[in-house]
Amino acid sequence: MARHFYAFGSGPPFTTEMAQQYVEQTKRGMIAILLVDREGWLDYMPDYTDKLKQYGAERFRYLPLPSTTEEQVIKTIKDSGGVIICGGDTSRYAEYIADTTIGAAIKEAYVRGVPVAGFSAGALISPQNCIISSKDNKEQRYVERNGIGLLFNTYFAVHFSEWNEKPHLQAIFAKHPTANVYGIDEKTGVYFHNGILERMEGVGVYQMQDGICRKINNA
């Protein structure tokens with residue numbers, strides 16, 4: 001079964017072409033949207049859904065964590081045609097999703113061919129290891145912990161140009177010199193088909209190549 005993963009370098013919306021492709025891959029099934037619960041979260045859900053609705057998506061199920069039970073989240077994921085992991089506090093997303101039964105359910109859906117999209121924090125927690133920048137946690141340090149395991153030997157730095165994350169990308173590469181290490185700008189998405197980068201859309205995508213950070217998209 002083909003596997004589909006989308007990583008975005010900031011919060012929503014989807015980039016245009018990836019929105020259309022994602023909806024096609026869901027086969028118009030229900031889309032599960034996982035987020036860390038915070039005041040007013042419902043107000044920004046249209047940022048995730050409006051672009052998808054333009055291409056025919058109609059059914060969405062919101063799963064705020066940890067206020068939604070694990071049982072309900074897992075059942076919803078099993079019934080879904082697509083999964084979205086929102087952006088926010090990466091450490092909290094990792095705590096509630098990565099290396100949990102919820103993360104395992106997402107991985108099972110992904111293996112079945114259900115497309116999974118991660119925005120910022122959602123992108124960071126999706127590989128085998130979740131690597132968090134010093135600019136993205138209270139301790140202001142490089143953090144590496146278990147991720148969901150959708151991608152292997154592949155890591156991201158998000159908000160790349162906006163946060164001046166070249167040093168973070170280099171730090172990841174120093175620890176994982178054989179890995180594919182990508183920097184993703186805001187308003188930019190990358191698509192992996194069966195774990196291999198196949199498509200880029202947006203402002204800027206960067207990769208460590210032979211120890212040098214190079215821009216690899218034509219935008």
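1. Rings of Phe, Tyr and Trp (for Trp, its six-membered ring) are taken to pair if their centres lie within 6.5 Å, with planes under 30 degrees apart counted as stacked, over 60 as edge-to-face and the rest as tilted. By this rule the count comes to 15 aromatic pairs.

2. Before the details, please note that this is a predicted model, in which local features need pLDDT of at least 70 and side-chain atom pairs count only at pLDDT 80 or more, whereas totals for chains, interfaces and linings use all residues. Residues are numbered from 1 along each chain as its sequence is written, and side-chain values use heavy atoms, with hydrogens and water left out.

3. Phe14 and Phe119 form an edge-to-face pair, with 5.1 Å from centre to centre and 75 degrees between the planes. Because Phe14 lies in the loop between β1 (4-8) and α1 while Phe119 belongs to strand β5 (residues 116-119), this pair ties together parts that are 105 residues apart in sequence. Helices (H or I, at least four residues) and strands (E, at least two) are DSSP runs, numbered from the N terminus. Phe14 counts as buried at 2% relative accessibility, and Phe119 does so at 0%; buried means under 20% relative accessible area, exposed over 50%, and partly exposed in between (1.4 Å probe, protein chains only).

4. Tyr182 and Phe192 also make an edge-to-face pair, at 5.9 Å centre to centre and 70 degrees between the planes. Tyr182 lies in strand β9 (residues 180-184) and Phe192 in strand β10 (residues 189-193), so the pair ties together parts 10 residues apart in sequence. Both residues, Tyr182 and Phe192, are buried.

5. Ring pairs also link a cluster, whose members are Tyr6, Phe8, Phe14, Tyr22, Tyr44, Tyr48, Phe119 and Tyr191. Tyr22 is among the buried residues of helix α1 (residues 16-26), as are Met18, Ala19, Gln21, Val23, Gln25 and Thr26. Just after α1, Lys27 adopts a positive phi of about 55 degrees.

6. With a salt bridge defined as a side-chain nitrogen of Lys or Arg within 4 Å of a carboxyl oxygen of Asp or Glu, the structure holds two. One joins Glu17 to Arg199, whose closest N and O atoms are 2.8 Å apart. This pair links distant parts of the chain, Glu17 in helix α1 and Arg199 in strand β11 (residues 196-201), 182 residues apart. Glu17 is partly exposed at 42% relative accessibility, and Arg199 is partly exposed with a relative accessible area of 26%. Lys75 and Asp79 also meet through their side chains in a salt bridge (3.1 Å, N to O).
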